[in-house]
Amino acid sequence: MARDGQGLEVSNAGAEAIASLDFLRDEWLSFGNRLAEFVAAADKEASCVLLPVMAANLMLSMNSDDGREMAYKYLAHAKALAKGANAREQAWLATTEAWIEGNTDRCLKIHEDMANEWPRDLLGGKLGQLHAFNCGDAEALLRIGERLFAANQDNRYVNAMYAFGLEECNRIDEAEEIARAALEVDRRDPWAHHAVAHCLEARGRMVEGVAFLEAMSDTWEGCNSFMYTHNWWHLALFLIDLDRTDEALALFDERVWGVWKEFCEDQINAVSLLARLELRGVDVGGRWADVSHYLKPRLHEHFVPFLDLQYLHGLARAGEHSAVTEMLASLEDKAENAKPFDREAWADCAVPAAHGLAAYAKGDHAEAARLLGQAMPHLSKIGGSIAQRSLFGAIHLDALMKSGWNDAALKILQADDRERPTVPWTKRSLGDLYRRVGRMEQALAAEYQAERLSRQYARGRTT
Ligand SMILES: [Fe+2]
């Protein structure tokens, strides 16, 4: 039986099919923009089951109705080639079918089993991590990464896969060390850049973050739109926390929004960046209108709650009231019919959070604070990374501050400041809140620290 470049047995595969699978693995792990070449090969494949199976998974990773339609087509193609499929290939068929049907808990279980049984199957691990990410299961993200890392020391891409799992489990120092080790071998690994960015973000090391990502950014030109726009999005987050919001807005226009406006990942990077800029008082002009135009077809999709909440926020900020109302009703239906494993994500988090975001956009900050507060204890279940989900915490905090819930806001800001004591905005907000509650001495101290940090960052830019 033929074997792929990882030494895994592949049924009914000629040299071309093996070459296509090896190409796909490298292209997916390096976040390349040539995946269409693999899909073209899968379209023509007449014997090897894994090609259409992988094409189906690619389509499903688009998180769109069109993608799912295409995935059905590729799964049917795969089933027609399934005779003689080995155990690993049957596992791939099972997880693909489960994904199409929305049983992502089953997908994750199959991929975890695959990572144990065939840890050399790097795409099995990659997809498993994607399911863990979408289910908000950081421990599973790490377990799969760890297993792959142990079994593939000849492949530098596993470092970043392991590192991201470590980072999402708050093992920041180990994560940074492992991600940087990959870059010692070859600096062109956008997922390792991304893992380092998460570590620096978690620690509030913004100056280093900007320098690091800028130094690596020349290697992102051949990346797919997700990786390209997402790494620039991370750079924009550092700039925002350094009070360089004008530069972050320029990155929105030049890098983050405009590569592939129909793609969910580009859309949520755009929504999240505009939202964060607004939270810092930036006027983003007519940009919401453009973004929302591409969000309107998604009102009834409900692939991942974390995506839905960002779509809804974008629509609400654009003033698309009827679309928001329609999406809220659709989300409630989704929550009512959710499968037991993801009921918490949809019913306990997405629904109250979505209503909270809608209230926030209407200026009803007390209602927004109340509803988002209900959702917050369940937030990790909606999927996404810690850095991405922090947007909802930031909106909740803003609603609390605007509606005068000073004690609750203070608690959150103090925790933020303990975790990331380098952000001038946090100190300024603390100063404002301390003044409101009459704690003048602490207000003056926080304002002084904010000013000192701002000057330090300004000096750093001129030296
Ligand atoms: Fe990220």
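Which elements do the buried residues of α1 pack against? They pack against β2 (9-10), α2 (35-44), α3 (50-60), α7 (122-134) and α9. Welcome to a predicted model, in which local features need pLDDT of at least 70, side-chain atom pairs count only at pLDDT 80 or more, and totals for chains, interfaces and linings use all residues. Residues are numbered from 1 along each chain as its sequence is written.

**Overall shape**

- The secondary structure of the protein comes to 24 helices and 2 strands, where helices (H or I, at least four residues) and strands (E, at least two) are DSSP runs numbered from the N terminus.
- The protein has a radius of gyration of 23 Å, close to the 23 Å that the globule rule gives for 463 residues, so it is as compact as a globular protein of that length. The radius is taken over C-alpha atoms, and the rule is 2.2 Å times the number of residues to the power 0.38.
- Along the principal axes, the C-alpha atoms fill a box of roughly 75 × 50 × 35 Å.
- Of the 463 residues, 52% count as buried; a residue is buried if 20 or more other C-beta atoms lie within 10 Å of its own, exposed if 12 or fewer, and partly exposed in between, with C-beta atoms placed from the backbone.
- Among contacts with a separation of 6 or more, 57% come from residues 24 or more positions apart. Two residues are in contact if their C-beta atoms, placed from the backbone, lie within 7 Å.

**Domains and core**

- The domain assignment gives domain 1 (1-137) and domain 2 (406-462), with bounds from an automatic or database assignment. Their C-alpha centres lie 49 Å apart.
- In the largest nonpolar core, of 159 residues, those touching the most other members are Ala 160, Ala 163, Ala 195, Ala 236, Phe 252, Ala 350 and Leu 357. Such a core is a set of buried Ala, Val, Leu, Ile, Met, Phe, Trp, Tyr and Cys residues joined through C-beta atoms within 7 Å.
- Helix α19 (residues 343-361) gives the most to this core, with 12 residues, and the core draws at least three residues from each of domain 1 and domain 2.
- Leaving aside neighbours within four places in sequence, Ala 160 is in contact with Ala 179, Ala 182, Asp 189, Trp 191, Ala 192 and Ala 195.

- Helix α1 (residues 15-29) has 15 residues and reaches 21 Å from its first C-alpha to its last, close to the 21 Å expected at 1.5 Å a residue; the expected span is 1.5 Å times one less than the number of residues.
- Its buried residues are Ala 17, Ser 20, Leu 21, Leu 24, Arg 25, Trp 28 and Leu 29. Seen down the axis of α1, they fall within an arc of 150°, so they line one face of the helix. The arc is that of the directions from the helix axis to the C-beta atoms.
- Phe 31 sits in the loop between α1 and α2, and its phi is positive, near 55°, in a residue other than glycine. With 22 C-beta neighbours inside 10 Å, Phe 31 counts as buried.

**Helix α10**

- In helix α10 (residues 172-185), the buried residues are Ala 175, Glu 176, Ile 178, Ala 179, Ala 182 and Leu 183.
- What covers these buried residues includes α9 (157-168) and α11 (190-203).

**Two partly exposed residues**

- Asn 63, in the loop between α3 and α4 (65-80), has a positive phi of about 50° although it is not a glycine. Asn 63 is partly exposed, with 19 other C-beta atoms within 10 Å.
- His 293 lies in helix α16 (residues 287-295) and counts as partly exposed, with 13 C-beta neighbours inside 10 Å.
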